[in-house]
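I opened the notebook to look up the domains, the ligand shell and some helix pairs. My entries follow.

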Amino acid sequence: MNILLMGNPNVGKSVIFSKLTGTNVTASNYSGTTVEYTEGQRNWRGEMVDVIDVPGTYTLDPTNEAEEVAVDMLDKGDLVVNVLDATNLERNLNLTLQLLERDIPVIVVLNMWDEAEHKGIEIDIEKLEEYLGVPVITTAAVKNRGIKDITYHFDYREVVDSDYGSTEERWAHIGEIIENTQHIQDRKHTFLEWFEDATVKPLTGIPIAIIFMYLSFMIIRFIGEGLIANVTEPLFEIFYRPVVTQLSQILGAETFLHKLLIGNLISGTIDFGQSFGILTTGIFIPFAAVLPYIIAFYFMLGLLEDTGYLPRLATLVDNIMHRVGLHGFSIIPMILGLGCNVPAALAVRNLDSKREKFIASTLMAISVPCMAQIAMIFGLLGPYGGQYLLHIFLILIMVWFTVGLLMDKLMPGFSSDLLLEIPPFRIPSMTTVLKKLWMRIISFLEEAIPYMLFGVLIANLLYILGVFDFLATTFGPFLNQVFGLPQEVITALLIGFLRKDLAMGMLAPLNLTAKQLVVASTVLTIYFPCVATFVVLIKELGIFAMMKSAGIMLLTTLTVGGFVNFAFQGGSFSLLGWIIIVGLLIAIRYIPSFGSDFEERLEA
Ligand SMILES: Nc1nc2c(ncn2[C@@H]2O[C@H](COP(=O)(O)OP(=O)(O)OP(=O)(O)O)[C@@H](O)[C@H]2O)c(=O)[nH]1
Ligand SMILES: [Mg+2]
């Protein structure tokens, strides 16, 4: 038996799904969290029932890919559990009436019942049942209220015979239902509501955004560095070092297995950061150097997501986003990308047009380093001082903006003007935040560890076989001339396709100057996404668009790497460098535009 959980975005389907099936899926306080359906099972009266968490949709006439997924699922269901946000009954009923017109059993769940009560919204359930002709259940999923009631109706198979006519007639009918079933009490405005407004008005919103972003960044560094210095490094030194040292002695420094498992001894001892064996650096990077930052980042992200701050940020940056042919919502894939580029590449699905998807994916892949890479950049460049770190991010932001402007100018087609839905602020529940954090840590470990071990294995084998030497002498001179980097960096660039953090780690033994590290870090970020992201992008964009995107990436790498090498000195850009940057931005303004605005298209 297939039970479909369907409804508008951000009504709590994923939370209900988790409670019904015990399968954890990501739930966040903004629309479009789920873009692919997830299946889970529940034992129901001695039978295994399939419950499916369907991406949110406003209508059964899909307007984007995530909605298409939703509508395609309809044929597969024995029962649709239509989840509604009780605080937003009117808008939610549109999908409900469309579902009722289909030949499929539907039951209605009014979720967020706790919030509706809190907001003084009263809904007459019996009357609503009469109007719709199907059972109506109230739930507060995060508080575990009403979930059992849903299961009591799993065997509901009645199909109502209704036809609400045209869209206008449907809305008229909804108006009538609301009129007769819902009553809203007047109440005073709360501080939270005032704050909700303040975060989206530019005058107050921008300072708030800067403070929030700065604080988040500081907290991430504080937690990340704190965990490394006080937890992961000490643990490795006390418990792990004796074990691998013993193994190293047993194997003998010159053997093949030693080279593979332990790597090189640095002045006679194992250096977890530089030895580069599977059991030394291969274990150390993911667990000790990167995991702490992953924990810190996803903890902060979870808070920002569940309070509902992220979509507010999206509204604020909408103007900037429009300049590069995107709308505000694209900030969400960019921010997700700071954690890991893979979910970010998937989140792009919520964008409307092919053009926007292309621009957003390319910008994300080019200029958003993932947390694993950022952690290694912090580790390598941190000791040289904050201005180097600052410049890497400054360069990437400029790259993001410049490449975005250029793509918007040169790409034909139009970008949509989708209005972003802003959810209310919610106090995040700590259990949900921690659960989500846990899920993301697990998926990081599952993703990272195999690639990391495989990457170190490949690197060591290629090294032992002399392949890297060959490549370094062939392409080295070029690297040296354009980027000012030693030829050994080529190995890092190659391994970067497997994992960027590992590639950053390969720079550690090379004794690069701070400037070279800045060039190498930016080049490593820009030149190509890692293989996992690459595969998702091919799937999302198609092979042809991905080739175009990869072309843009390589071109950008050459230009930016070369430029940074030329214009970056002693911790900042030279005057000439700044003149070129500003000149370029001005020049872009005068390039004729091949793309068109949504509004212009409407006028035409
Ligand atoms: N107060 C309250 N919050 C809830 C309730 N159910 C869900 N939430 C919160 O609402 C937000 C949205 O929940 P999700 O489960 O991600 O919504 P969804 O319907 O899966 O959204 P999409 O995947 O975007 O379609 C999350 O922040 C939840 O914690 C509820 O009953 N009461
Ligand atoms: Mg969801």
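**Entry 1, the ligand shell.** I counted a residue as near the ligand if its C-beta atom, placed from the backbone, lies within 6 Å of it. I note at the start that this is a predicted model.

Which residues come nearest to ligand 1? I found 26 residues around ligand 1, and Gly12, Ser14, Ala27, Thr34 and Gly56 come nearest.

I then sorted the shell by class. I got 9 nonpolar, 12 polar and 5 charged residues around ligand 1.

Next I asked which helices take part. Helix α1 (13-21) and helix α4 (113-118) each supply at least two residues of the shell. The largest share comes from α1, with 3 residues.

I also looked up the domains behind the shell. Domain 1 (2-184) and domain 2 (200-603) each give at least three residues to the shell around ligand 1.

I wrote down the division of the protein chain: domain 1 covers 2-184 and domain 2 covers 200-603. How many Å separate their centres? I read 38 Å, taken over C-alpha atoms.

I went on to the contact between them. On the domain 1 side I have 15 residues, and they are in contact with 20 residues of domain 2. By class, the side of domain 1 that touches domain 2 has 5 nonpolar, 9 polar and 1 charged residues.

Two packed helices are described by the angle between their axes and the distance between the axes. I looked up both values for each pair.

Helix α11 spans residues 281-307 and helix α17 spans residues 371-381. Their axes come within 8 Å and cross at roughly 120°. Angles of 65 to 115 degrees count as roughly perpendicular and those over 145 as roughly antiparallel, so I logged α11 and α17 as oblique to each other. The crossing of α11 past α17 is right-handed.

I listed the residues that meet. From α11 I have Ala289, Val290, Tyr293, Ile294 and Phe297. From α17 I have Met371, Ala372, Ile374, Ala375, Met376 and Gly379. By class, this contact has 10 nonpolar, 1 polar and no charged residues.

Helix α20 (residues 467-483) packs on helix α21 (residues 489-496) at an angle of about 105°. I read 8 Å between the axes.

Which residues of α20 meet α21? I noted Phe468, Leu471, Ala472, Phe475, Gly476 and Leu479. On the α21 side I noted Val489, Ile490 and Thr491. The contact of α20 with α21 divides into 7 nonpolar, 2 polar and no charged residues.

I took helix α22 (residues 500-507) with helix α23 (residues 514-526). They pack at an angle of about 160°, and their axes are 11 Å apart. That makes α22 roughly antiparallel to α23. I logged the crossing of α22 and α23 as right-handed.

In α22, Lys500, Ala503, Met504 and Leu507 meet Leu517, Ala520 and Leu524 in α23. By class, I have 6 nonpolar, no polar and 1 charged residues in the contact of α22 with α23.

Terms used. Residues numbered from 1 in each chain as written. Chains lettered and ligands numbered in written order. Predicted model: local features only at pLDDT ≥ 70, side-chain atom pairs only at ≥ 80, totals over all residues. Axes fitted to C-alpha atoms, helices over the stretch in contact; angles between N-to-C directions. Helix = DSSP H or I, 4+ residues; strand = E, 2+ residues; numbered from the N terminus. Parallel < 35°, antiparallel > 145°, perpendicular 65-115°, else oblique. Left-handed = near helix turned anticlockwise from the far one by under 90°. Contact = placed C-beta atoms within 7 Å. Nonpolar A, V, L, I, M, F, W, Y, C, P; charged D, E, K, R; others polar. Domains from an automatic or database assignment.
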